[in-house]
Amino acid sequence: MSATLLTLSSLSKRFGGLVAVNEVSFQVAAGEIVGLLGPNGSGKTTVLNMISGSLRPTAGSIDLAGARLSGLAAHRIAALGVARTFQLVRILPSLTVGENVLAALAFRSKPLWGREARDRADALLEEVGLAGRGEERAADLTYIDQKRMELARALGAEPRLLLLDEWLAGLNPAELRLGINLIAALREKGMTILLVEHVMEAVRALCGRAVVMNAGVRIAEGATADVLADAEVVRAYLGGADD
Amino acid sequence: MKSAFVWVALVLVLAALAAAPFFMQAYGLGLLIGLMGYVTLAGAWALFSGRTGYISLATVAFFGIGAYMVAAFNEVLPYPLVLVLAALAGLALALVVGLSTLRLAGVYFVIFTFGLAELVRQLVTWYEINVTGTLGRYIFMSLGPEHIYWQLLALAAATLFITWRIDRSRLGLALRVIADDEVVAAHLGINLARTKLALFALSSVIITLVGAVQAPRWTYIEPAIAFNPTVSFLTLVMALLGGASRLWGPVLGAVPLFLLFEWLSANFPNHYSILLGLLFIAIVFAVPKGIVALVETRFRTNERAFRPVAMEAEGKP
């Protein structure tokens, strides 16, 4: 087992009286892909938002390779090596596709700018299947291409930890196959990924381990196949008719 | 080379403008001073508001502070030092205002900046009445109008040059990302507060200097003159008319509008404010994105490709 990269300890988030995330703890080792699963509203995206700095935890802590992330602003967490995509894809609509990626290169902790940056942006676009389309306006891209561009932007940051929030949602079967291959290729390169996903085919294919949440609480953790067979997980997804 | 040609043309235009006082009557020179002042104000305003989308109505607060620094110190300190002091006063106010307000979004920022301009005016009025004892101040300086004009010309050229450099820098890209989506900007590692504050401060210092340089033209100032909110509105509408996010937008907006306002106030002094209001409304309806964008879309209807500003500008000097 390789070294632990990400550690969540008793992480909680309250919105007024609502406890969205309740004392959740788990770890992600360097180089592994972990699936964060659970029904809608179980607090998965809230966990991702706390890791990336979109939200501040109410209690608990988040550490990345010894550095405390919890309490830091999003731009400082990004500088420490966390990049993400968003559940509802967030493009920079007035920029070109190339500039969307360039923005990640220009503001990461080891910035690239000028010709070097443009070459790198082109290479990243090629990697996600958008070769030669850097001059197009981001707003003109189709949904799947916007998702590809968002992934290229996240990869441009050269993150130590990549957070994917339902990046495979809304794809047709052929696109899904391409998407899974793309993420598998990242794993081959040693990228550490925490992904929130509902597409079980992708979870089985990609994630060595999975963490399952329900109503803000972690209800299971372990090897993906075992976790998906767990009685409580099945009940959380399909409803407890037999209770 | 095309870019070399552009540079030569720009230097020639600058030289011609610098030589203008030698061929002009007092009225023409006065007109040029006012024009150059508004070109600089609109340019400095657009440098921040046009690029971040934070619409500021505090222009006259900084403009007036600049004028008042000159009025207060021109008899005790050498002129260059007075300008430095004015710039520092503008910077200090910009930092205080920026730190406390740049978290406000949209219309709240607009209202705050408008309120700020009024607050500064009331504070200065209070100070003059209760501490100084007289509401007005006189500015007697031996600076000829041509010197004021040359300073404003230099300031306008500097503002354009700084804007041009920023648009092609990482800072320029950061601003465009911020204007599009602040959440994405933060997640890419952009320090939102610092970026916005730096630009607001730069823009505000330039505006303060315009007020300081123009102050000797008035001879007599009082808060109602130096802090006249019309200055903020004119600046805003000039930048919007030309295109606030474009390098040459504010110039293209300021020149025709300034001349039009001069003509209106000379020929319809009693209806000036009404005409001004109607003109504001017409501009917002007719050219919401500014003249530059309008011309570009006309030229580009057949041409699908979008020209990425930041990406192809690298090779130029």
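**Domains and chain contacts in a predicted model**

Visitor: How far apart do the C-alpha centres of domain 1 of chain A and domain 2 of chain A lie?
Guide: This is a predicted model. In chain A, the domain assignment gives domain 1 as 1-81 + 159-243 and domain 2 as 91-158. The distance between the C-alpha centres of these two domains of chain A is 25 Å.

Visitor: Which helix supplies the largest share of the side of domain 1 of chain A that touches domain 2 of chain A?
Guide: Contact between the two domains of chain A involves 10 residues of domain 1 and 10 residues of domain 2. On the domain 1 side, α2 (74-79) and α6 (173-188) of chain A each provide at least two residues. The largest share is three residues, and the helix that supplies them is α6(A).

Visitor: How many residues on that side of domain 1 of chain A are nonpolar?
Guide: The side in question is the one where domain 1 of chain A touches domain 2 of chain A. One of its residues is polar and one is charged. The nonpolar residues there number eight.

Visitor: Which helix gives the most to the side of chain B that touches chain A?
Guide: Between the chains, 30 residues of chain A are in contact with 22 residues of chain B. In chain B, α7 (170-180), α8 (182-187) and α15 (309-312) each contribute at least two residues to this side. The most, six residues, comes from α7(B).

Visitor: How many residues of the side of chain B that touches chain A are charged?
Guide: By class, this side of chain B has 14 nonpolar and three polar residues. The charged residues number five.

Terms used: Residues are numbered from 1 along each chain as its sequence is written. Chains are lettered from A and ligands numbered from 1 in the order in which they are written. This is a predicted model: local features need pLDDT of at least 70, side-chain atom pairs count only at pLDDT 80 or more; totals for chains, interfaces and linings use all residues. Domain bounds come from an automatic or database domain assignment. Two residues are in contact if their C-beta atoms, placed from the backbone, lie within 7 Å. Helices (H or I, at least four residues) and strands (E, at least two) are DSSP runs, numbered from the N terminus. Ala, Val, Leu, Ile, Met, Phe, Trp, Tyr, Cys and Pro count as nonpolar, Asp, Glu, Lys and Arg as charged, and the others, Gly among them, as polar.
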